[in-house]
Amino acid sequence: MIHLNLKREMKSEPSVCFLPGRSFVAGLAICGIFLFAQSPALARNGAPASTLPSHDQIVQMVQTANASQKAVDADQVGWAYFHHKDYATAKVWFEHALKLDPKDPDGVYGLTASFLHAGHLDQAESVALAHPNHDPRMRTLYGDIYAQRGFQSHQSLDYGLSVEQFKHAQKYRPLTHAELTVKADDYLKLKRNDDAERIFKMLNRAAPDQPSADGRQAATAKKKVDRKTDRLPVGDWKTFKAKFVSRDGRVIDTGNKNVSHSEGQGYGMLLAESYGDRPTFDRMWQWTQTHLQVRGDHLFSWRWSPNPAPGDSAVSDPNNASDGGLLIAWALFRACQAWGDQSYHQASRAIVEDLKRKCVLQTRHGPLLLPAEIGFLKGQQATLNPSYFIFEAYRELGEANSSDEWKSLENCRLKVISHGQVGKWKLPPDWLTVSPQSISLPEQFPKEFGYNAVRVPLYLAWRDPRSPLLRPFYNFWHSFPSSRIPAGVNLETNQPLGHPASPGMKAIAQWITACVENRPIRVENIPALGKGEDYYSACLKLLTKVAIQETNARAAAN
């Protein structure tokens, strides 16, 4: 016998879920529009309820059910509570009905609907699977379970999983207008613009509304941008993988005793996402976690050696390199955007939080990202590497994590670069020292614009191809014949370094020249990756092509 609690039988709570056969999307942004769809209450036979049972009627139902001990009467009480949105009490009565009659179809249906409406999707599915029957209403509930999971995945940015859940829902019932709208937006986020446009067009023809109209317009616009956008040459990526990526995902620095480091893994993952190569991306990420993410936090030891000295491990120095962590976090965030796997975003966010906690230094110039957690701060004097200033990564990660601090980091680094220009050509050094009083050249590093700082113009142009800070690099490179561009310059003597620029450096110079001269440049204008290029030159060249593609796409979209 179940006793009635007279203090809670009229309890009413707001619904947080979808009712069977219907959908509810609250506050979900679709193409800038908030979409709302409200479900009617579910009656015992699946139709909207006309009137709610009164307090006296519920008391009578409970007395009847306790006296008769029949499943049908327990079901009546369960539905009475269900319509008052007291799903917990409804669940108790439907469970009681199933104890009285384990094959009671209304009990199975009501219990599943109660779990579903209370937001307990796993329990709802478990009940349905444990009580198989041929009640056609259960197919609708199965569809509702998967559709609600689709909404939840979309709201957590896992667009790929959202699409799969909606596909499962369609096996049991047609998708509603709201569900199709979200599925189309999933496709839009996954850059499957043809699929998105097809669904939005269908929705706009069937029942025109603002979200479907805006979605169709967005998908069509993105398709036009795709047609105008350069394509990254597949041959370059095949060459890069063949030369520099092991079968297990290790990126090999062929110019540095075949070691691997967090920078290389970050560059490799960033390129794999840009080329749409998820299997290679996942292998790189798995290797990185296994071999470099071994410090006890979410950051990465900076170097791994395939041939450690006797008595040493492959990771002999646990210190991190902040640019490597930043690149990996950026690549993971982009992978989440591309493939809809929320685990990438979660990993990215954890790395970003540890970088902020352990490597960001607050100064009177603003927040600065130290090159590593240890070794670059002495008193009030910090040693920085300007080539770690990856401006587009700051912007994207700042927006992804709703962090003003990353915007401040970007602004501060622009200030440091503008105040840290040295020598005849006003170039940034590979390393510089920042103190409360000044920005200067450090004593412990060569005073050069060279292999490190050559990445500064790449990152500046990736963020803004019209940046006035690009002009000094242009002036330097155009002081030499194109066939004799040096790899860098001594900033004290103004003498060029004694070795020529690599093909990757020349690719950066070629792009910066086009930016400063305000001339169009396409990916195809940069030479293909040569088989004789080493790891670093190859990375610079392929990253330049990715940056050109993305900045051209932004320009086409505007």
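Four strands make up an open sheet, ordered β7-β8-β9-β10, with antiparallel pairing. Because β7 and β10 (439–440) are the edge strands, each with a single partner strand, one side of each has no neighbour in the sheet. Strands here are DSSP runs of E with at least two residues, helices are runs of H or I with at least four residues, and both are numbered from the N terminus. Two strands count as paired if DSSP finds at least two bridges between them.

The model is predicted: local features need pLDDT of at least 70, side-chain atom pairs count only at pLDDT 80 or more, and totals for chains, interfaces and linings use all residues. Residues are numbered from 1 along each chain as its sequence is written, and side-chain values use heavy atoms, without hydrogens and water.

Within the sheet, β7 (residues 377–378) and β8 (residues 381–384) run antiparallel and are joined by two bridges. Leu-377 has Ala-382 of β8 as its bridge partner. The hairpin of these strands has two residues between them, and Gly-379 takes a positive phi near 65° there. On to the next pair: β8 and β9 (residues 432–434) are antiparallel over three bridges, with Ala-382 opposite Val-434 in β9.

The pockets were found on a 1 Å grid over the protein atoms alone; a pocket is an open set of points where a 1.4 Å probe fits, with protein on both sides within 12 Å along at least five of seven lines, and lining residues have an atom within 4 Å of a point. Grid points are joined across faces, edges and corners, and a volume is the space filled by probe spheres set on the points.

| Pocket | Volume | Lining classes |
|---|---|---|
| Largest | about 1,500 Å³ | 14 nonpolar, seven polar, 14 charged residues |

The largest pocket has a volume of about 1,500 Å³. Among its 35 lining residues, Lys-191, Lys-222, Glu-273, Glu-550 and Ala-553 are the closest to its centre. At least two lining residues come from each of α8 (177–189), α10 (210–228), α12 (262–274), α14 (322–339), α16 (391–400) and α21 (535–557).

Two or more lining residues come from each of α12, α20 (503–516) and α21; α21 gives the most, with three residues.

Note on methods:
Nonpolar A, V, L, I, M, F, W, Y, C, P; charged D, E, K, R; others polar.
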